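Visitor: Could you show me how to read a protein model, one feature at a time?
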Amino acid sequence: MQPSGTKVKVADVAARTEAVVAAHGHLEGPLLPILHAVQDEFGFVPQDSLPVIAKALNISNAEAHGVATFYHDYRSAPAGRHVLKLCQAEACQAMGSDKVAAMVKSALGIGFHETAADGSVTLEPVYCLGLCACAPAAMLDGEVVGRVDADAIDGMLAEVRL
Amino acid sequence: MTATIYIPKDSGALALGADKVARAAEREIAARGLDARIVRTGSRGMFWLEPVVEVSTPEGRVAYGPVKAGDVASLFEADFTAGTRHPLWLGDPEKIPFISRQTRLTFARCGIVDPLSLDDYKAHGGLRGLNMALTLTPSDVVQTVTDSGLRGRGGAGFPTGIKWKTVADQVADRKYIVCNADEGDSATFADRMIMEGDPFVLIEGMAIAGIATGATKGYVYIRSEYPHAVATMTAAIEIARAAGILGPAILGSPNAFDMEVRVGAGAYVCGEETSLLNSLEGKRGVVRAKPPLPAIQGLFGRPTVINNVISLASVPVILDRGAAFYKDFGLGRSRGTIPIQIAGNVRHGGLFEAAFGMTLGEIVNDIGGGTATGRPVKAVQVGGPLGAYFPPDLFDTPFDYEAFAARDGLIGHAGITVFDDSADMLRQARFAMEFCAIESCGKCTPCRIGSTRGVETIDKIAAGIQPEKNLALVADLCNTMKFGSLCALGGFTPYPVMSAINHFPQDFAPRSVAEAAE
């Protein structure tokens, strides 16, 4: 599912990761900020970046791998050009988030945690955006959307297909 | 005179189009050559009316809402900056019953001020608590918080003053104040609203906690699902540091305190205090066994106060107005006010800060106005994904830590999700187990394995496979999870599951396999 043109060379990963680590080395407990910054840099956390981080922080490769895989946010592969998150938590369930999810999945032909074959969009569930008084809620590329209805879905789908 | 137009930039308002409204207002101001400025605020918390646009008039604020971008031209046409009538006119926002019925102590400024204006903050009573704290001894500050009766607003309800005293009593080279802003519970958004709408109050509360306990460094751990809160909090900390509220000499005093924002990475369990500490240290967000308590060995092994956003944000008003003032609100052992978040399928969803003691029925029906769909209320879940489902039969339960515990529930972070009669409670029970399985940190067996077995067993009940035997099995499993889990994730998942089974047995009658698999 990896979109073409996003392959990164190993040496390049190492150099860019080292720069990220250097920028965060002064922090207490720097691993999460580093992983966030690495993901911002590459769009995902490349497997090859982990030994570089581990060496710099004097932790084992296993520890770095363990942390990177514990958290839902860190991707092991690039996402699509757009990321659409649909809230599936209780307050949104009470307002029909399951129907929203079904409509979006059917329109895009993908399920949760999948990326469209053309690399346009990755669809993810999210458990609460704190928009529970205007449910159901979604987040498209960091922009929040409340009271998602058929029109809002059409709008979001039009945007991801651009 | 320059007219002032207030438009919220709270995430809830943004999700309903507040930025489009602001852009439309800018265009109208430019096109009409008006002498007007736009101030972006937090939200007052009336989400059925968002985006709410307010204007300043000599008689006070006048509100309009819900305003869509397409309504903006007509507002200007009606000369709304003078507070004139318009179909969207709401009048004085303070007189809207949803607001006038509240007791806003912690949220006094939220939705009114520019969140990043220190002048606004001071003009509305900001920094008075911190200034008071600087005139007291640290132990008097701790005593004031203890006397106020403030209990942890994150859900556990532990007395805040006692936690602070434990940290204050430790001798260490370094102590920490950690603010738990990993507000992952569905139906809760009070932390988000404060961080987006009045971030200085949290900074002030943390600085007071630092003075009281001898801690010099603070962290706000904010979930990554809240990018706007992260941005506002980060900007506010920089402003506070530049103004000398944070740094080596708080407001010129000998007390040092500084803080920074840390962003979570999408793990619900990191809202549990010990896994949050592990996460801050750069580890997997796995729960730690207690003891040692974080107050004695917390972040990096140092004594650490770890409090919820609302607990810390309630401290400035307690220092400013006094412990007795705060304690005067509430009932029993639940003192002060609590920001109740009314969400889900509800007509008037939003944030309602009130003294403890209102009944659940008043909150859902009088304040919330019943369901958004207009159908009868079937159930309300109180306290997020780990809270119990209450049927309308129990709507006489007063909002109070002990009263909810007595009815096998919890108030948690005070979020209430309303469901109408189309809700399927077996499905809700199954989701509680499924969510626990997705979010379990994996450290203890009852949570890690029990949640998955729970999903499977509930699926069997749905499929009509030995329903009585399997219901007994779920009850037994819940018992094991409740008493055998290390933290509230595994330990409290039984609340939604068992309350759904006990209060809505009809939903656990056999059904078709196809339906259950959906």
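This is a predicted model: local features need pLDDT of at least 70, side-chain atom pairs count only at pLDDT 80 or more; totals for chains, interfaces and linings use all residues.

Visitor: How many residues does the contact take from chain A and from chain B?
Guide: Two residues are in contact if their C-beta atoms, placed from the backbone, lie within 7 Å. Here chain A gives 34 residues and chain B gives 46 residues.

Visitor: Which residues have the most contacts inside the largest nonpolar core?
Guide: In soluble globular proteins, nonpolar side chains tend to be buried together. A nonpolar core is a set of buried Ala, Val, Leu, Ile, Met, Phe, Trp, Tyr and Cys residues joined through C-beta atoms within 7 Å; buried means 20 or more other C-beta atoms within 10 Å of a residue's own. The largest core has 217 residues, and Ala137(A), Val178(B), Cys179(B), Ile203(B) and Ile222(B) have the most contacts inside it. Beyond four places in sequence, Val178(B) touches residues including Tyr219(B) and Leu299(B).

Visitor: What about strand S14 of chain B?
Guide: Strands are DSSP runs (E, at least two residues), numbered from the N terminus. In S14 (residues 377-382) of chain B, 6 of the 6 residues are buried, so the strand is largely enclosed by the rest of the structure. Strands pair if DSSP finds at least two bridges between them. S14(B) pairs in the antiparallel sense with S16 (residues 415-420) of chain B over 5 bridges, and Ala379(B) stands opposite Phe419(B) there.

Technical notes. Residues are numbered from 1 along each chain as its sequence is written. Chains are lettered from A and ligands numbered from 1 in the order in which they are written. A residue is buried if 20 or more other C-beta atoms lie within 10 Å of its own, exposed if 12 or fewer, and partly exposed in between; C-beta atoms are placed from the backbone. Helices (H or I, at least four residues) and strands (E, at least two) are DSSP runs, numbered from the N terminus.
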